[in-house]
Amino acid sequence: MSLQQIFVLYKREFKKIYRSKYTIFMLLIQPLMWLVFFGSSLGRLPTALTQELFKTSNYLSFILPGVLSLVMLFVGMFASMSLIQDKRYGYLRRIMVAPVNGEVPLFSKLLGGLTRGLIEVPIVLIIGIAMGASIDFSLSSVLIMIASVVLLGITFSSVFLLLTLKTSDLQAPGVISSLILFPLMFSSTAIFPSNLFPSWLELLSKFNPLTYSVDLIRNAFLGYSFNLNYLIFLLVYAIIFLFLDFILGRKYLSSE
Amino acid sequence: MILSVKNLTKKFGDFTAVNNISFSIKKGEIFGLLGPNGAGKTTTIKMICGLIKPTSGEITIDGINALENPLEAKKLIGWMSAESILDEDLTVWENMEVQAKLHNFNKFEEKAEELLKYFDIYNFAKNKVSNLSTGMRKKLEIAMALINDPSILVLDEPTIALDPNTRAALWEVIERANKERKVTVLLTTHYMDEADRLCDRIAIIDHGKIIANDSPSNLKKKYGNTTLEIKTKKEVELKGYEYQKEGNNYIISVKDLSNDISKIIKLVGENNIISINVNNPSLDNVFLRLTGRKISEEKTESTKIYRILKSSR
Ligand SMILES: Nc1ncnc2c1ncn2[C@@H]1O[C@H](COP(=O)(O)OP(=O)(O)OP(=O)(O)O)[C@@H](O)[C@H]1O
Ligand SMILES: [Mg+2]
């Protein structure tokens with residue numbers, strides 16, 4: 001494995017992002033849609049009730065960390081679509097004819113997906129604030145947010161990439177995404193707090209990395225205390241998946 | 001020997017695509033794998049380039065065991081596939097850059113510029129690949145294959161789907177690269193004229209087996225005797241001649257044309273002949289002799305081009 005190889009392939013992914021008008025358009029429009037529709041759905045709830053349920057009087061402030069995390073869930077699909085396209089058009093073969101190990105293209109796709117997500121982060125923040133979310137900005141809260149979304153992006157991009165490692169069916173990422181998006185979204189605290197969950201869902205939410213990312217960012221942005229265990233939990237997830245990318249990528253991408 | 005392949009076999013399930021083939025290529029040679037569609041050419045190339053694992057056999061590239069040490073072997077190979085594989089969203093230069101850096105060449109600029117100039121496409125360096133003509137793409141792909149100074153250049157059907165002019169131009173490119181840059185070439189083709197024109201040695205492959213391996217002129221001498229192609233109205237018996245028959249089409253090998261032609265016309269009967277054709281020694285005859293079939297029927301040709309266009313778009 002060489003970093004130079006990963007980097008040049010990542011550069012290629014990056015160019016593909018900013019050279020596609022549709023990609024840029026979607027990166028801008030998607031966060032706007034999330035915030036407008038999610039953020040407004042409970043906008044008329046009485047303030048006292050909002051305060052009791054969401055621990056803040058502003059539902060938008062509650063949902064913003066959820067949207068930041070959901071963005072990282074979605075980018076996994078793009079990472080895996082990009083890999084499958086390379087298989088389809090034979091480009092992966094061009095890569096693998098060079099002295100390259102199988103994990104190299106996989107890591108470059110992972111970084112490409114992560115980048116897409118990270119581009120959306122400031123856009124979500126700006127739109128959220130413009131719409132009236134109140135955020136407790138400080139160096140530490142920003143660092144916590146960045147760490148959370150990066151670790152979450154690594155985890156979810158890996159999940160998609162690994163699930164579609166052996167297929168060249170362009171439909172696969174879409175199918176997987178519709179299979180796992182809703183369960184992951186609603187078994188996390190992204191949209192509703194877990195104290196509203198039935199006990200089985202609450203149990204499920206404890207294994208969902210989305211929950212930890214959302215709670216870390218939410219605590220930071222709403223001025224509640226930082227929970228190191230949550231960050232360690234996300235880190236462990238990311239490391240496990242990076243390890244799996246390495247092992248399985250080398251095994252399955254090195255030769256057809 | 002730059003490349004030596006020994007008892008190489010590839011099975012896909014029960015189907016044997018490449019069946020126990022052996023050959024070797026000397027330094028500086030242009031070596032051709034010649035065979036019809038589905039013969040196993042691409043499968044052989046993919047095994048040599050480390051894209052698929054052989055079921056059994058050995059591959060040695062410039063002294064390196066390619067199966068035990070694939071990464072080292074890959075450093076010695078420059079490859080171009082039958083379908084054009086380039087990143088359409090990137091420029092010519094950026095495609096070169098990716099290729100170079102995958103080979104861990106950091107300072108690739110000088111070499112890339114030299115290669116693009118050598119193949120006369122430097123003016124297009126900043127153009128997106130999607131704007132290039134098919135001929136320029138092929139040149140770019142060969143330039144990319146040479147960026148790592150390979151010991152062997154492996155070209156899978158380099159001139160498939162090219163018009164006659166571009167084909168001839170590409171032959172020149174391959175010949176120049178071989179002569180001036182001293183790079184050994186392994187190419188596959190199902191064009192007889194291409195193999196004849198370019199190759200120092202040819203291995204004819206059919207149904208996964210190598211059925212002949214020699215220089216074009218030796219092959220023609222050995223197997224390429226003159227044939228008579230006769231179409232008749234009624235069936236005939238051609239005693240004393242070696243021939244192949246398909247309906248009322250006869251392909252007859254003759255040793256002494258001027259003598260045999262009148263004898264055969266007598267045997268067939270002048271009124272029975274619809275048409276008569278003389279084929280002089282050529283690789284076409286060699287293939288026909290060895291397999292009993294013509295290599296490229298029009299139909300397979302066009303379906304194949306269609307398939308390639310479909311898969312590359
Ligand atoms: N991955 C695969 N799985 C199953 N069969 C395969 C696979 N790849 C190739 N084959 C079969 O192996 C045989 C040889 O294929 P190959 O692509 O090597 O032929 P070729 O000589 O390159 O032909 P062409 O001139 O059409 O490119 C064919 O019958 C093909 O269908
Ligand atoms: Mg082929």
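**A walk through chains A and B**

The accessible surface of chain A comes to about 11400 Å², and carbon and sulfur atoms account for 70% of that area. Accessible areas come from the Shrake-Rupley method with a 1.4 Å probe, and for residues only the protein chains shown count as cover. This is a predicted model, in which local features need pLDDT of at least 70, side-chain atom pairs count only at pLDDT 80 or more, and totals for chains, interfaces and linings use all residues. Residues are numbered from 1 along each chain as its sequence is written, chains are lettered from A and ligands numbered from 1 in the order in which they are written, and side-chain values use heavy atoms, with hydrogens and water left out.

Start with the make-up of chain A. Chain A has 11 helices and zero strands. Helices here are DSSP runs of H or I with at least four residues, strands are runs of E with at least two, and both are numbered from the N terminus. The radius of gyration of chain A is 19 Å, close to the 18 Å that the globule rule gives for 256 residues, so chain A is as compact as a globular protein of that length. That radius is taken over C-alpha atoms, and the globule rule is 2.2 Å times the number of residues to the power 0.38. Along the principal axes, the C-alpha atoms of chain A fill a box of roughly 65 × 40 × 35 Å.

Now look inside. Of the 256 residues in chain A, 54% are buried. Buried means under 20% relative accessible area, exposed means over 50%, and partly exposed lies in between (1.4 Å probe, protein chains only). Take the contacts in chain A between residues at least 6 apart in sequence: 80% of them join residues at least 24 apart. A contact means heavy atoms within 4.5 Å. Chain A carries 19 positive and 11 negative charges, and their mean positions are 10 Å apart. Lys and Arg count as positive, Asp and Glu as negative, while His and the chain ends are not counted. Each charge is placed at NZ of Lys, CZ of Arg, CG of Asp or CD of Glu.

Next come the aromatic rings. Over all chains, the structure holds 18 aromatic pairs. Rings of Phe, Tyr and Trp (its six-membered ring) pair if their centres lie within 6.5 Å; planes under 30 degrees apart count as stacked, over 60 as edge-to-face and the rest as tilted. The ring centres of Tyr212(A) and Tyr230(A) are 5.0 Å apart with planes at 85 degrees, so this pair is edge-to-face. Tyr212(A) lies in helix H10 (residues 209-222) of chain A and Tyr230(A) in helix H11 (residues 228-253) of chain A, so the pair ties together parts that are 18 residues apart in sequence. Tyr212(A) is buried, at 12% relative accessibility. Tyr230(A) is partly exposed, at 23%.

A second pair involves Tyr237(A) and Phe241(A): their ring centres are 6.3 Å apart and their planes at 10 degrees, so the pair is stacked. Both residues lie in helix H11 of chain A, four residues apart, about one turn of the helix. Tyr237(A) is partly exposed at 22%, and Phe241(A) is buried at 16%. Tyr212(A), Tyr230(A), Phe233(A), Tyr237(A) and Phe241(A) form one aromatic cluster.

One loop residue of chain A deserves a look. Lys55(A) is not a glycine, yet has a positive phi of about 60 degrees. Lys55(A) sits in the loop between helix H3 (47-54) and helix H4 (59-88) of chain A. Its relative accessible area is 48%, which makes Lys55(A) partly exposed.

Turn to chain B. Chain B has 11 helices and 14 strands. Its C-alpha atoms fill a box of roughly 75 × 40 × 35 Å along the principal axes. Of its 313 residues, 51% count as buried. The accessible surface of chain B comes to about 14800 Å², with 47% belonging to carbon and sulfur atoms. The mean positions of its 46 positive and 43 negative charges are 3 Å apart.

Thr232(B) lies in strand S11 (residues 227-232) of chain B and is buried at 3%. Beyond its neighbours within four places in sequence, Thr232(B) contacts Asn248(B), Tyr250(B), Val268(B), Asn272(B) and Ile274(B). Asp149(B) is in the loop between helix H5 (134-145) and strand S7 (152-156) of chain B. Asp149(B) has a positive phi near 45 degrees, though it is a residue other than glycine. Asp149(B) is exposed, with a relative accessible area of 56%.
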